[in-house]
Amino acid sequence: MPDIFIPDATPELTGRALFPHRHLLSIADLKPWEIRFLLDEAEHWAQANKGQARKHDGRLAGMTQINAFFENSTRTLLSFEIAGKRLGADVVNMAAATSSVKKGETLIDTAMTLNAMAADVIVIRHASSGAVRLIADKVDCPVLNAGDGWHQHPTQALLDALTIRRRKGSFAGLVVAICGDVLHSRVARSNMLCLAALGAQVRAVAPPTLLPPEVEMLGATPFTRMDEGLDGADVVMMLRLQNERMDGAFIPSPREYHALYGLTPERLALAKPDALVMHPGPMNRGVEISSSVADHPERSAITEQVAMGVAVRMACLDVLTRSARGVEGWA
Amino acid sequence: MPDIFIPDATPELTGRALFPHRHLLSIADLKPWEIRFLLDEAEHWAQANKGQARKHDGRLAGMTQINAFFENSTRTLLSFEIAGKRLGADVVNMAAATSSVKKGETLIDTAMTLNAMAADVIVIRHASSGAVRLIADKVDCPVLNAGDGWHQHPTQALLDALTIRRRKGSFAGLVVAICGDVLHSRVARSNMLCLAALGAQVRAVAPPTLLPPEVEMLGATPFTRMDEGLDGADVVMMLRLQNERMDGAFIPSPREYHALYGLTPERLALAKPDALVMHPGPMNRGVEISSSVADHPERSAITEQVAMGVAVRMACLDVLTRSARGVEGWA
Amino acid sequence: MPDIFIPDATPELTGRALFPHRHLLSIADLKPWEIRFLLDEAEHWAQANKGQARKHDGRLAGMTQINAFFENSTRTLLSFEIAGKRLGADVVNMAAATSSVKKGETLIDTAMTLNAMAADVIVIRHASSGAVRLIADKVDCPVLNAGDGWHQHPTQALLDALTIRRRKGSFAGLVVAICGDVLHSRVARSNMLCLAALGAQVRAVAPPTLLPPEVEMLGATPFTRMDEGLDGADVVMMLRLQNERMDGAFIPSPREYHALYGLTPERLALAKPDALVMHPGPMNRGVEISSSVADHPERSAITEQVAMGVAVRMACLDVLTRSARGVEGWA
């Protein structure tokens with residue numbers, strides 16, 4: 001099966017047989033062709049969303065999507081909310097800040113409550129690794145992981161893969177350098193698994209204090225010097241330096257971090273001449289990335305990543321609810 | 001009129017003649033057959049919501065539902081929001097935390113503002129008893145009380161009654177023990193009125209410091225010892241111990257409260273062998289209720305209560321807007 | 001072109017030729033007939049919203065409206081949210097309190113993110129003057145200014161003008177006194193421009209410390225004494241005294257402010273006998289306005305202003321998206 005988009009997948013290649021999962025919890029659960037299937041579906045929505053005033057599609061009409069964000073994330077919540085509404089679902093947000101969790105309710109009890117309200121799909125973000133799977137085990141409907149602790153953020157990995165595929169065509173042999181605070185990053189963990197599964201050569205580039213020991217197990221080669229990590233890269237994916245690390249024990253200072261690990265034009269010149277620049281956002285300009293790199297008209301794919309985020313989430317919401325909607329082949 | 005669900009109510013029994021209220025402010029405003037009418041309507045929605053992917057019903061399409069929660073309540077807000085959206089209404093939430101109330105606006109002015117925006121139904125939660133009726137007097141559309149101070153929480157009482165009716169069939173002679181912090185509980189006040197009106201024998205079981213003097217006026221018999229209150233009960237309804245009472249003057253400590261008034265398996269054994277266990281949530285496990293009781297597969301109806309919450313709110317939103325929608329018999 | 005409402009505007013008077021703007025950022029951008037065109041459109045919605053249960057109109061169905069409020073405003077947000085939902089748009093709110101802005105993202109990056117999610121119209125409120133125009137320059141869709149700093153609040157001016165037109169018929173020669181904290185008020189700035197453009201004689205009435213030097217440039221005559229400013233006025237528009245000014249350097253105390261600049265019945269008697277009383281809300285009763293004036297059954301237009309707010313926002317959302325929707329004449 002080629003990496004490029006197949007507009008007319010033959011019926012035998014679709015349906016539950018190809019995507020046998022009830023939830024989307026971790027990239028680690030997905031086989032390479034399952035990832036490619038989701039990317040193909042997302043490509044359909046990427047094209048449908050582009051340049052059209054009427055982006056609505058009613059296939060989730062009558063279904064209830066609950067976004068339960070126990071950790072704030074404006075971008076990811078907006079992206080899932082827009083995706084669900086474009087598909088016609090009744091979307092409701094449960095904000096952590098005002099939730100029963102604050103009243104001492106257990107996570108399982110909150111899950112049981114959402115389930116009892118007859119949700120048809122639940123999107124969860126949580127500060128603790130594994131919390132989303134715990135909830136998924138207790139409910140009757142599909143659960144999408146919108147980020148759990150340092151663990152996984154599967155839709156981010158899918159949107160990054162889709163962005164790369166659109167720009168580079170194929171993953172085979174592509175050198176992708178994931179640079180920055182790899183240790184605390186679910187984005188990095190999901191991306192290493194996803195891109196390695198798709199055939200890319202993945203590098204994890206980080207200061208020694210921010211490079212976790214499991215990098216190789218996740219399919220990536222570790223680098224502690226930016227110069228070596230960027231050498232000959234096709235894609236440079238910068239990670240956000242979390243504010244809470246900036247004055248901590250992990251890095252000396254934001255300024256020094258920028259000097260050693262920030263993506264400057266000089267440093268980008270070490271990668272291939274047509275290397276793609278990516279960042280999951282929100283960016284700390286002048287810390288992990290220079291403005292001239294972030295805003296590069298041909299090289300930067302940062303706003304395309306945001307657009308692909310909505311497309312990927314529409315695809316995941318659609319695919320995971322097909323069984324409940326009785327779509328042929330998805331019983 | 002029997003207590004059981006009548007699937008084909010004759011036309012003469014329906015319409016404005018049976019339910020002559022513009023607002024739903026307090027169970028005290030309702031006659032027994034009016035309560036039964038709302039339960040029958042809710043039973044319809046309970047069945048419609050169950051196990052179907054498409055739960056949408058467009059009867060409130062084009063109407064504007066404003067949820068004005070001056071007091072945070074994730075569960076109740078979610079329940080009303082889902083109910084309104086399933087009926088097709090345009091639902092908007094007004095969060096207290098960011099409201100004009102903080103800018104010194106009076107409650108009446110806020111009410112007049114919501115009214116001027118041409119709301120078709122307003123759902124209000126407020127920390128002060130009576131605040132909801134004050135607003136209802138000033139607006140042109142139906143108002144639903146989603147909890148006001150220690151006073152009333154009528155949809156909670158209706159969902160509890162519906163849960164009991166589904167499990168026990170009838171209210172006549174049923175012994176219901178409402179246990180815990182009765183003093184500060186609008187849930188208890190609404191339930192005492194509702195269940196007494198439906199023919200149950202209601203008991204209010206609480207420590208002397210948490211048992212208000214008006215219990216008997218509300219139709220319940222007061223008990224200060226759990227053992228006596230639970231003896232022979234068909235339904236044991238535990239109340240939430242509010243966090244703000246836990247280290248106050250009302251109880252010595254959460255641990256001691258659990259020892260004296262918590263629902264343990266041993267204590268539940270004093271009730272009838274098939275006694276139902278209920279809790280309005282969110283639960284303080286190990287304080288007012290033991291986990292083994294809360295999770296009992298046959299006895300606990302706690303998640304069914306949540307499901308009935310959505311059904312009851314759909315019924316109330318539907319019934320109260322029939323007049324404005326020009327439904328036959330509801331002019 | 002007369003000031004009164006034209007129910008059947010001839011086709012030649014409509015379309016992009018009449019309203020050539022992509023955004024609504026400031027009243028200063030609009031010619032008088034463009035303002036009148038928006039008022040005529042809003043009058044249509046004012047009549048459609050009134051006394052009908054079904055207020056829905058599907059013309060924005062499938063479009064995504066993002067309300068990005070970097071500054072809290074319950075009323076204005078509710079009004080824009082209701083307006084968008086009544087037109088059938090998929091409306092999503094981005095709350096500043098939980099936004100990426102807090103994570104150090106620049107305003108331009110936030111704008112690029114909203115744009116990449118393929119928003120069809122963005123409504124922005126921001127505490128800094130000029131911030132909304134900065135965003136409008138970077139995105140592909142129409143932007144509506146819902147208030148930026150002390151600068152502009154164009155939909156407020158339009159709703160005030162519509163309210164006045166409905167009550168007074170015409171603006172020619174009408175004496176409008178805008179009274180209170182003019183210095184910090186975008187409402188005052190927008191209203192001075194709008195009403196002067198429409199032909200009214202506008203007065204800015206404020207204590208010397210709260211009267212900005214640019215008043216005359218905005219088309220108004222300055223007054224520092226209420227008695228003189230109110231003399232013979234047809235419309236008295238009171239401004240809100242912001243809480244943060246009350247104990248500051250600007251006024252001695254709320255009580256003294258009321259004595260010198262509050263709108264009391266005695267002071268209102270200086271205006272014309274049928275003078276209209278207006279306030280953008282939320283009101284500080286007993287500070288800038290007396291309750292007996294605010295609640296005057298014939299003279300006060302304060303709740304009508306709120307109703308006109310929804311109508312004006314529906315008109316602006318409709319008009320600004322016509323080009324994208326391919327409405328004839330709006331290519």
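Q: How far does helix H1 (residues 32-49) of chain C reach from its first C-alpha to its last?
A: This is a predicted model, where local features need pLDDT of at least 70, side-chain atom pairs count only at pLDDT 80 or more, and totals for chains, interfaces and linings use all residues. Helices (H or I, at least four residues) and strands (E, at least two) are DSSP runs, numbered from the N terminus. The expected span is 1.5 Å times one less than the number of residues. H1 of chain C has 18 residues, with 26 Å expected, and its reach is close to that: 26 Å.

Q: How many of the 18 residues of H1(C) are buried?
A: Buried means under 20% relative accessible area, exposed over 50%, partly exposed in between (1.4 Å probe, protein chains only). H1(C) is mostly covered, and its buried residues number 13.

Q: Is A:Arg125 buried or exposed?
A: A:Arg125 sits in strand E3 (residues 121-126) of chain A. Its relative accessibility is 7%, so A:Arg125 counts as buried.

Q: Where is A:His153 in chain A?
A: A:His153 is buried, at a relative accessible area of 3%. It touches A:Arg125, among others (heavy atoms within 4.5 Å). Residues are numbered from 1 along each chain as its sequence is written, chains are lettered from A and ligands numbered from 1 in the order in which they are written, and side-chain values use heavy atoms, leaving out hydrogens and water. The place of A:His153 is the loop between strand E4 (143-148) and helix H5 (154-168).

Terms used:
Lists of a residue's contacts leave out its neighbours within four places in sequence.
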